[in-house]
Amino acid sequence: MARVDTQQLEVPNKIYSSWQDMLENLAQFTHVPVSMINRLNQNQLDVYCCNHSIKNPFKMGESFPLGGHHFCETTLKNNAILVVADRFQDPQWQPISTSLPNNIVAYLGVPLHWPNGTPFGTLSILDSKTNHFKIVIRELLAIFKDSIEAQLTVIYQNQKLKLVNKELQTRIQNRTVELANLSYQLDKECNKRKQLEREIHYQLHHDTGSGLLNAKAWEIESNRMVNQADLFNQEVAVFYLGISNGQRIQIDMGADTLDKIIKQLKDKLGQLSPHRQLCARPRSNDIAFTLLSNSTSKNYDTIIQQIMEVTSQDFDVNNGKVRLQVYVGVSISHPQHNQQNLALTVQAYQAMQHARESGKRIVFFDDNQAEHNTRLNRLESYFIESIRDKAIKLFYQPQIELENGQCHSASTSIRWDHPILGNVSELSISQLCDQPEIADALCHFLLRKSIYQVKQWRSIKPQFRVAIKLNACQLASKHLAESIHQWLKEANLAGDALEIEVSEKQLFANEATLQSTLEHLSKLSVALTLCDFGHGHASFSYLKHSPFRRIKIDKSFIDNLQHSSEDRSFLHSLMQITTKLGLDTVLTGVETKEQEQWLLQFDGPFAEGKRYHGPMTRKDFAQILHQQRDINQPHSNHSQ
């Protein structure tokens, strides 16, 4: 709080004039020559205001140094009324008689104070003759004292208010500056947050490699376009372009190259319709267009011709040029036929699949494909039903440690023999697992079945584990790690009883999505294996810092081992590097003794293949574990 310096306070003219009038009246009423107000000024007392009598020996501005032992100073020191009837007769004042004018004999004075207790000065009357100052005079002086101090209070409070107001203004100004800075910072944070929200929204709805709409956003926007087109008797056409050699481009040249080709393709095709157009990348190897057109001004032939011409051109890549193998599926809405338009994007995709299977470059969706889709839906229903009824069988293939022929783990595969469909291939089952619902159902079935089985086999071999291969759709499940943890806990098993295999291609096509699940599984001590390894997706620097502790080398390298020196050199280098990185290596597809002998030169690899055992039932597999427990010797001596 601001402090008032009373020495610096000035008495306003109006108040000063009232004091002057008061002193004139006081002198006349009391019949004295002198009435005055003295003000303390540091080390002296100044005559601040006095009556204008010719008998008054004191003048305005006259000063009395403190320490002189005169009447006013004594009044201030004692802080009380001082009455001197005759200074010449009073022993206390006789010694200082020379310090006062000779015509001053008697004195009556009271101290004056500011409201904070600080001395202001004195109010006094002086007489030239002996005067005992009656009670009524003393009371009148006290009244005048109260009046003066009341006015001093007004002066003091007014100054205090000014100081407080000034301080408040300063604080308000400072606070305003602070608020302005805070507002600026908040605006910056809000802008950052809005920008981040825009980026998140963009990433949720766009493919990161090409910047085009992703599958989910494309389907939503296409459905919205169809619904709006129905109201105005317009048509919506979807052109779905599948690049059949896109996967090979990714493997040989990298995902970035395919991203650039997709962008080039989009730019070369440009605006296919004079009306609204959507462009999307629903899958890594595909690009799709949704076009709005008036029913009276359709020009699909021109669009198809343009697509055929552009997709037949060469596309620039880092190492030269590449030509695409493109198949096109087309689906067109017909609002007047009251068809179900919500599946337009799916119909175009299915038409593209049909084009690829039939070898035609372009196919329009028709009712025959709808029948094919019905059969596919029936297949999906049968598969879900078989999972629910536990009619899916698991087969197990030993993974052999070449150094001693022991089996410490097994990879799983599934068999589906349906009473109506017959024996369904693993490829067909793999295609069914592109559907999240089916993928999750099969994933849960495989994991629970494997956990139950490995618990039994660990009573034979305590460190045994079962390997299960999961696709990206299955691994992307938010609660997968949590479910595995719960099932292992229920079975009283450690995490190392399970091994999860992820294909190299699936991992790097969905790395950002799968990273969190892989980290959670690693924390549970679940063994992670990168399988189908060797096609160039994974760098060794990635493996060094990844959660994978095991790799399975693709069967194609073993197949060509005896015929390709290039594959032998590559495999030799690969085995040396993985050994230095401390990774276990599993070689798949070992079928001959020559292949086994060549692999024995390396330190501790594992192998699986017909050289040892093919996939077998759990009963047959248990017999192998019992035999190995009883006979501890290299398996190669018995594998003739």
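Predicted model: local features only at pLDDT ≥ 70, side-chain atom pairs only at ≥ 80, totals over all residues.

1. Now a pair with another geometry. The ring centres of Tyr 396 and Phe 621 are 6.3 Å apart and the planes meet at 55°, so this pair is tilted; edge-to-face would need an angle over 60 degrees. Tyr 396 belongs to strand E14 (residues 393–401) and Phe 621 to helix H20 (residues 618–630), so the pair ties together parts that are 225 residues apart in sequence. Tyr 396 has 0% relative accessibility and therefore counts as buried. Phe 621, at 0% relative accessibility, counts as buried too.

2. Do look at the cluster as well as the pairs. Ring pairs connect Tyr 16 and Tyr 48 with Trp 19, Trp 114 and Phe 120 in one cluster.

3. Two backbone angles deserve a glance, given that most residues other than glycine have a negative phi. His 31 is not a glycine, yet its phi is positive, about 60°. This residue lies in the loop between H1 and strand E1 (34–41). With a relative accessible area of 64%, His 31 is exposed, because the cut-off for exposed is over 50%.

4. The other angle belongs to Phe 133, again not a glycine, with a positive phi of about 50°. Its place is the loop between strand E6 (119–127) and helix H3 (135–205). Is Phe 133 buried or exposed? At 3% relative accessibility, it counts as buried, because buried means under 20%.

5. Last, a helix contact. The axes of H6 (residues 255–269) and H7 (residues 300–311) come within 10 Å and cross at roughly 140°. The two helices are therefore oblique to each other, as roughly antiparallel would call for an angle over 145 degrees. The crossing of H6 past H7 is right-handed. On the H6 side the contact is made by Leu 265, Lys 268 and Leu 269, and on the H7 side by Gln 306, Ile 307, Val 310 and Thr 311. By type, these contact residues divide into 4 nonpolar, 2 polar and 1 charged.

Key
Residues numbered from 1 in each chain as written. Heavy atoms only, no water. Axes fitted to C-alpha atoms, helices over the stretch in contact; angles between N-to-C directions. Helix = DSSP H or I, 4+ residues; strand = E, 2+ residues; numbered from the N terminus. Parallel < 35°, antiparallel > 145°, perpendicular 65-115°, else oblique. Left-handed = near helix turned anticlockwise from the far one by under 90°. Contact = heavy atoms within 4.5 Å. Nonpolar A, V, L, I, M, F, W, Y, C, P; charged D, E, K, R; others polar. Phe/Tyr/Trp six-rings, centres within 6.5 Å; stacked < 30°, edge-to-face > 60°. Buried < 20%, exposed > 50% of the residue type's maximum accessible area, 1.4 Å probe, protein only.
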